[in-house]
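Thanks for coming. I will show one structure today and go through what was computed from its atoms.

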Amino acid sequence: MGVVAGIVVGAVPGLSVTMATALLVSMTYAWDTKPALAMMLGVYAGGVYGGSRSAILINIPGAPAAIATGFDGYPLAQRGEAGVAIGVATVQSFIGGVLGLVALVVAGPLISEFALKFAPRDYFLLVAMGLSLVSRLGARSMPRALIAAAGGVLVGLVGMDPVTGEGRFTFGLPLLIGGVHYIAVLIGLFGLSEVFYQLGRIGRGAVPQVTIPEVGRILPSWSFVLRFLPLSLRTSVLGIIVGALPGTGGEIAALLAYDHAKRTVRKPTRPFGQGAIEGVVAPETANNAAIGGALIPMLTLGIPGDAVTAVLIGALFIHGLRPGPLLMVEMPDLFWFIAWSYALANVFLLIFGLMAVRPFVKLVNVNKKILMPMITLISVVGTYAIQSNIYDVFWMIGFGILGYFMKLGDYPVGPMVLGVILGPLADINFRRAIISVHGNIPAFLWEIVSNPISLILAIMLITAFIPRLPSAASLRGRLRRLPRLGRKEGA
Amino acid sequence: MHATTASRLLRVFLVPALVITLAWGVAIGPSGAQVYPERSITGIIQWGAGGATDRVSRRVAPLAERGLGQRIVLSNMTGATGAVAMQYVFDQRADGYTLLLAAENPALYGVLDISPRTFDEFEPINLFARSIPVVVVRRDAKWRYLTELIQEAKSHPGQIKAGSTGPGGLPFVVGAMMTAVSGVRFNSIPFDGEGPGMTALLGGHVDFMAVGLAAAAEHIRAERLRVIAVVDLAPVDIVPATPALGQMMPEYRAYLPWGPFYGAWVKKGTPAPAVRRLVDAFRPAVASEDFTEFIGLMGSTPLNLSGEEAVRFVKQWQSVTAWLLHDAKATQKSPEQFGIPRPARR
């Protein structure tokens, strides 16, 4: 039940998993604790997965965690392989979910102690890594991608300064004190702008025809799954850790996983950004693995791993439980109940997810004249639903128009959304780190070098900016060539 | 024959039907068209789902429904420190069908220049509870009591790292109290809320933090965090051995008791009978064992104040907090502009 509801919620842009879970808290108030929890876990798993549907089919991520899925998922759909993309997304979500669960059961307390060790500077490095993705996203023009990303960061910073409490870029308008909600930006840039763009092309043909694939092609073959297994394992570990970090959730896990795939997969099925299966595998595995990750600090310490687990903790309170470090000690049965219901949720996710591919894929074949007004409606309703605030809708429309002109000018919208989401996170964590060393930059650098976590993250960040380290193979080739040159000279 | 069958039929079906109709009529009769509440009431929660205000509101509303005989339909409306929700309720008709479920924040909208709305434009139905601030440190920290921490802060000004939630938050106000009374300063590092701040405390990224007892209760029970002061006049049940700040250092009494509160309001101008009906429905709900137990679990202390008492409580809180913030240079406008008097010395 919960899974189905979750998939639907996840697939509709704007209806966020956090909101659905929050609604369920009041709906299930009168229920027993366990069925209520099972329902919420189902919605959680389904919702995170469901976001990929709309990202793949109509290039509007249903949830922030699905942004990275759209990078390659939508190109796949345009090639008429939406079925394959959704099939892969489903199976990988399942794999990620199961691995996340295994981590929770096997190493929960260990991972949560590890997560506590992350200092603000480490969050900053992590987020900076996510931002560096911009350099690899702007497929055609790096300056344009950077301009878009910088614009995004600027928009993300609008609102009350978290350190001083003063308004930033608010022009004295009380309206801007709360900032611009990133979901509104997301829906506007991805959703509404696509509507405008398509409207501009109506009558000019060039509408991609999608063939509805056979069921056999939806379910990826074993060899297919096995082929991506190493990548799935790596991105799952990434997802679990990022999910377990109290300051980051599935969206950052998915972005980092996509980045990781792009950097480590030498021979993707197709170039990234043009429909690489790996580009769907990595983020989908990671964002569902992040659920298991987020549940770890929630169950072992009573600290939420992301926004949804924060709501779940509230729900536990309402049901008279006391989520905290002692929850697992005092109520081990509850821990196992959560583990089992989450396992079941994953099984149902796999079953329902694969069953419902056909009707979803048909959606792409719906006449644009019908589909586009529908997307517009969903965009408006979804945006209003974020916090029942009409100004969010105006923002969404504004960003829809901006996105349209960006698309006309060949500016990518992806980096802008990255900027909006990651910019403020980078800002606040950098400032926290700097404040805690009294603004002393050498001390800040020393802390990075002297702390193992920070050092590893810093090295990873730096290597991200080195275009391509000479691979072992080409090095060997060069070495082989050297002696030959030497011989020539000698002869 | 036929007649008797007919009359029996009549008796079997018609009579009960008539009785039911009559009974129904009697039941709804007195609460007819003119009597409040004749339809469901909307409750606007100023903060997001899962937060303290949300949790308290969702716990108390079903209990108050019993006394009202109508549903209270709750929804969260966040934004601008709760000002969006307050404005919304202010824009509705003052008919008692829209409740504002809020925390203490609106008392500072003026001095922080957040919104023109004030609590003066609303009528308190009930102040449910007040949370108790405590100062916590890691289990292995060297300070046993806040007095020791203050001593060290005096010899190393600005060195000790304090977890904060930004200007105006609970940790900030408690810090401002320490600056005002003991003249100490800390290096305060802002986090997104008490939860994230405590996570940083657990991870060793800050040295101490003032938080609501609610947020820290489970970490205290698990002995991961230790309370070095209860920022109140008397100790609390959860940590009976820790002395209250008012006992340790009597000079703090002028500012105590202090703590964020939660309650329900309606727009001023709501007909008196409706206000009375709401007050009468919330009072037993807040007093119920179900709710007080929940409040205790949250580490808060029940208030159950309405009418003049509630207004006085809010005024006192506003006076203490606004002037503390003003003296710490954290306000946009002076409390004087809004006619907020300085707290009286006790």
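Predicted model: local features only at pLDDT ≥ 70, side-chain atom pairs only at ≥ 80, totals over all residues.

Residues are numbered from 1 along each chain as its sequence is written, chains are lettered from A and ligands numbered from 1 in the order in which they are written, and side-chain values use heavy atoms, with hydrogens and water left out.

First, the interface. Chain B contributes 36 residues to the contact and chain A contributes 39 residues, where contact means heavy atoms within 4.5 Å. The size of an interface is often given as the accessible area lost when the parts come together. Here the buried area is about 3,400 Å², with 59% of it from carbon and sulfur atoms; that is accessible area lost on putting the two parts together, with a 1.4 Å probe, summed over both.

How many salt bridges does the rule find across the interface of chain B and chain A? There is 1, taking a salt bridge as a side-chain nitrogen of Lys or Arg within 4 Å of a carboxyl oxygen of Asp or Glu. The partners are B:Arg224 and A:Glu113, at 2.4 Å from N to O. On the chain B side, helix 2 (52–68), strand 7 (187–190), helix 6 (194–202), helix 7 (213–221) and helix 10 (289–297) each supply at least two residues that touch chain A. Helices (H or I, at least four residues) and strands (E, at least two) are DSSP runs, numbered from the N terminus.

Now helix 6 of chain B. Its buried residues are B:Gly197, B:Met198, B:Thr199, B:Ala200, B:Leu201 and B:Leu202. Buried means under 20% relative accessible area, exposed over 50%, and partly exposed in between (1.4 Å probe, protein chains only). These buried residues pack against helix 5 (82–116) of chain A, and also against strand 5 (133–138), strand 8 (208–212), helix 7 and strand 9 (225–230) of chain B. After helix 6 of chain B comes B:Gly204, with a positive phi near 85 degrees.

Next, the rings. Over all chains, the search finds 20 aromatic pairs. Rings of Phe, Tyr and Trp (its six-membered ring) pair if their centres lie within 6.5 Å; planes under 30 degrees apart count as stacked, over 60 as edge-to-face and the rest as tilted. B:Phe261 and B:Trp317 are an edge-to-face pair, 5.5 Å centre to centre with 90 degrees between the planes. They are 56 residues apart, B:Phe261 in strand 10 (residues 261–267) and B:Trp317 in helix 11 (residues 307–327) of chain B. B:Phe261 counts as buried because its relative accessibility is 0%, and B:Trp317 is buried at 6%. Separately, B:Phe128, B:Phe282, B:Phe291 and B:Phe294 form one aromatic cluster.

Last, the backbone. Most residues other than glycine have a negative phi, and most peptide bonds are trans. The bond joining B:Tyr36 and B:Pro37 is cis, with omega about -10 degrees, and B:Pro37 is in the loop between helix 1 (2–28) and strand 1 (41–45) of chain B. From B:Leu256 to B:Pro257 the peptide bond is also cis, omega near -5 degrees.

A:Asp410, not a glycine, has a positive phi of about 65 degrees, and is partly exposed at 33% relative accessibility. B:Asn304 has a positive phi near 50 degrees and is buried at 16%.
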